[in-house]
Amino acid sequence: MTLALSLSARAAMLDGFEAFMVTGASQASLTVYQGNTSLCVFNLGASSTGTPFATAVSDGMALSATLDAPIANTGTSVAGKANRFVIVNQTSGGTALSGTISLVGGGGDIQVPNVTVTASSTQNLNALTLRLAATGLLSVEASLTLV
């Protein structure tokens with residue numbers, strides 16, 4: 001027998017993730033890495049500025065409207081090729097979600113047309129949505145402009 005989560009159960013589970021994201025008083029963020037080297041950090045809001053994600057609808061949860069996407073970041077002084085990401089909650093660095101970044105068709109959790117990050121250049125997080133399938137599989141839909 002195959003297990004299947006209802007849409008309302010998936011929405012409630014994603015809202016639970018949002019509740020985890022707003023735990024603490026620091027800055028929630030998405031950081032793009034090459035290995036252990038941080039290439040750019042996108043601030044996703046702090047308890048004083050709103051929540052990182054909007055209320056879940058059915059099987060998905062997108063960035064909060066208070067964030068005003070795209071979220072720009074001038075990057076670090078280090079150049080590299082993005083290959084992973086980490087999303088932390090508002091607790092000082094509490095990891096909430098992590099995964100891989102690859103070129104489109106490369107099988108990463110986030111797939112982008114360009115993985116090269118130029119030092120001190122503007123990078124953009126255009127969109128970020130978490131989806132929870134009926135099977136319980138969590139996936140990330142993101143639009144990153146890396147230059």
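This is a predicted model: local features need pLDDT of at least 70, side-chain atom pairs count only at pLDDT 80 or more; totals for chains, interfaces and linings use all residues.

Overall picture

Along its principal axes, the C-alpha trace spans about 50 × 40 × 25 Å.

The secondary structure comes to 1 helix and 11 strands.

Now burial and surface. Of the 147 residues, 37% count as buried. The protein exposes about 7,100 Å², and carbon and sulfur atoms supply 57% of that area. On charge, there are 4 positive and 6 negative side chains, and the centres of the two sets lie 11 Å apart.

Let me turn to strand β6. Why can we call β6, residues 84-88, largely enclosed by the rest of the structure? The reason is that 4 of its 5 residues are buried, where buried means under 20% relative accessible area.

Which strands pair with β6? One is β1, residues 27-34, which runs antiparallel to β6 and is joined to it by 5 bridges. In that pairing, Thr-31 stands opposite Val-86. The other is β7, residues 95-103, also paired with β6 in the antiparallel sense, over 5 bridges. Here Ile-87 stands opposite Leu-97, and Arg-84 stands opposite Thr-100. As a reminder, side chains in a regular strand alternate between the two faces of the sheet.

The β6 and β7 hairpin has 6 residues between the strands, and within it Gly-93 takes a positive phi near 80 degrees. From β7 we can go on to β8, residues 110-112: these two strands pair in the parallel sense over 3 bridges. There, Ser-102 stands opposite Gln-111.

Next, the helix. Leu-14 sits in α1, which covers residues 7-21. Is Leu-14 buried or exposed? Its relative accessible area is 3%, so Leu-14 is buried. What is Leu-14 in contact with, leaving aside neighbours within four places in sequence? The list is Ala-56, Asp-59, Gly-60, Met-61, Leu-130, Leu-132 and Leu-138. Leu-14 and Thr-55 are 41 residues apart in sequence, and their C-alpha atoms are 8.3 Å apart in space.

Last, some backbone details. Most residues other than glycine have a negative phi, and most peptide bonds are trans. With that in mind, look at the loop between β3, residues 60-62, and β4, residues 71-73, where Pro-70 is placed. The peptide bond from Ala-69 to Pro-70 is cis, with omega near 5 degrees. Asp-68 lies in the loop between β3 and β4 as well. Asp-68 is not a glycine, yet it has a positive phi of about 55 degrees. Its relative accessibility is 63%, so Asp-68 counts as exposed.

Ser-120 is another non-glycine residue with a positive phi, near 60 degrees. Where is Ser-120 placed? In the loop between β9, residues 116-117, and β10, residues 123-132.

That is what I had; I am happy to go back to any of it.

Terms used. Residues are numbered from 1 along each chain as its sequence is written. Side-chain values use heavy atoms; hydrogens and water are left out. Buried means under 20% relative accessible area, exposed over 50%, partly exposed in between (1.4 Å probe, protein chains only). Two strands pair if DSSP finds at least two bridges between them. Accessible areas come from the Shrake-Rupley method with a 1.4 Å probe; for residues, only the protein chains shown count as cover. Lys and Arg count as positive and Asp and Glu as negative; His and the chain ends are not counted. The place of a charge is taken as NZ of Lys, CZ of Arg, CG of Asp or CD of Glu. Contact means heavy atoms within 4.5 Å.
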